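Biologist: I have the sequence and the structure open. Could we go through one site and then the wider fold?

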Amino acid sequence: MIAVTTSVDYLINGAGMVGAAAGLALAERGFSVMLIDNAERPAKGERWDVRISSVNDHHWQWLSQLGVSDCIDSDRVLPYTQLSVASMMGRRADFDARDIGRQQLGVMVENNALQRALWRALEQHANVELRANNRIAKFELDRRSVTLASGESITFDRLLGCDGAHSQVAQAAGIGYRGWDYGQVCELTNVVTERPLPSATWEIFKPGGPYALLPLGQHQACLINYRPAQVVEKTDLNELFEPHIGSFTAYAAGQFPLQRKHALRYTAGAVILMGDAAHSIHPLAGQGVNLGFADIRSYLEHRHDMTAYARERKRANAQMMRAMDMIHWHFEDPNTVKQRLIGVGLKLAQVNLVKRAIIKQAMGLV
């Protein structure tokens, strides 16, 4: 049997949303790219999957320029124009795309649909190879080489770890993490509603964790509830959500524990970490995949300078993680004084100048 060796500019382990977007962006710049993923192309289900992301408009426009919007299943992406946050004491802050002169704040998109669209776009590039249903069996980072489970050897100039919170690439490169469990579980339930829903997403805080709604269509939504991990009783979603959206019928559900992880380094030799391989953040504000897309764009904007990329993104991601921690620990604390201070903050957030600054910061426009 003759061993096959392939050489590429960029080898990417993990062809999920961040890895596939990185591969597409690099291919658009003329680099040879190979992506490795241990799964096959995700199939389209009859209805929305519970794994959904809120992609802000800044990154959605970038993805659209890469051709993603032309490849995606239109029934699995929904623009939203409004967002609101409410404290335990009822103080509320509302944000609208019109506040910053945009038509939408972003889109709700099914993760599987976005990955399928990215793979379709990748298939249009002659200098891209995608090895689905395969994995890296052996790393030889000093030689800039790996061996796949299929037996193929790959040599590369740079290796991107876009392979999630339990990154195989980070482990091979000896990159450690700092983090902790939040002691919370996120419950997701997709529903069909009797009443029509506006194209708005909202979040309401309560002791133990907030609950939120992501619109998926005029009569569809993903309901999200955060609860302490030690509470095993099933949440009464009707009690939580019916006062806001009326009666509904559930058709899909899932849950996952919440963790915070931050890589001690983003680069090592020829290795670069992006997305969840570099940072896992509390999903309160839907920043997870947006931070991953910001990683890619930063690397490209720094003209592939690994040091500059690592410096900027480690600082920016740490800042966002601290902000999410502050919201998590303080908004869910029933202490009256603290809740009054939060109320003052939300009132301040309604001042036009402050409101515009908050929206631009959340969308990565500043």
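Biologist: Where is N225 placed?

Modeller: N225 is in strand β15, residues 220–228; strands (E, at least two residues) and helices (H or I, at least four) are DSSP runs numbered from the N terminus. This is a predicted model, in which local features need pLDDT of at least 70, side-chain atom pairs count only at pLDDT 80 or more, and totals for chains, interfaces and linings use all residues. Residues are numbered from 1 along each chain as its sequence is written, and side-chain values use heavy atoms, with hydrogens and water left out.

Biologist: Is N225 buried or exposed?

Modeller: N225 is buried, because its relative accessible area is 1%. Buried means under 20% relative accessible area, exposed over 50%, and partly exposed in between, with a 1.4 Å probe and protein chains only.

Biologist: Which side chains make polar contacts with the side chain of N225?

Modeller: The side chain of K206 does, at 3.2 Å, and the side chain of T235 does, at 3.0 Å. A polar contact is a pair of N or O atoms within 3.5 Å; within protein, one must be able to donate a hydrogen and the other to accept it, and residues adjacent in sequence count only if both atoms are side-chain atoms.

Biologist: And what else does N225 touch?

Modeller: Leaving out residues up to four places away in sequence, N225 touches V185, C186, E187, K206, P210, Y211, T235, L237 and L240. Contact means heavy atoms within 4.5 Å.

Biologist: Y211 is on that list. Which ring does Y211 pair with?

Modeller: Y211 pairs with W202; the ring centres are 6.1 Å apart and the planes stand at 85°, so the pair is edge-to-face. Rings of Phe, Tyr and Trp (its six-membered ring) pair if their centres lie within 6.5 Å, with planes under 30 degrees apart counted as stacked, over 60 as edge-to-face and the rest as tilted. W202 counts as buried because its relative accessibility is 16%, and Y211 counts as buried at 9%.

Biologist: What about Y266 and Y309?

Modeller: Y266 and Y309 form a tilted pair, 6.2 Å centre to centre with 45° between the planes. The pair links distant parts of the chain, 43 residues apart: Y266 is in the loop between β16 (248–263) and β17 (267–268), and Y309 is in helix α8 (residues 306–331). Both Y266 and Y309 are buried. Ring pairs also link these two with Y10, F31 and Y299 in a cluster.

Biologist: Which residues have the most contacts inside the largest nonpolar core?

Modeller: They are L11, L63, L114, F293 and I296, in a core of 67 residues. Helix α1 (residues 17–28) gives the largest share of this core, nine residues. A second, separate core of 25 residues includes L188, L216, L284 and M321. A nonpolar core is a set of buried Ala, Val, Leu, Ile, Met, Phe, Trp, Tyr and Cys residues joined through side-chain atoms within 4.5 Å.

Biologist: One last topic, the backbone. What is phi of R303?

Modeller: Phi of R303 is near 55°, a positive value in a residue other than glycine. R303 is in the loop between α7 (288–301) and α8, and R303 counts as exposed because its relative accessibility is 73%.
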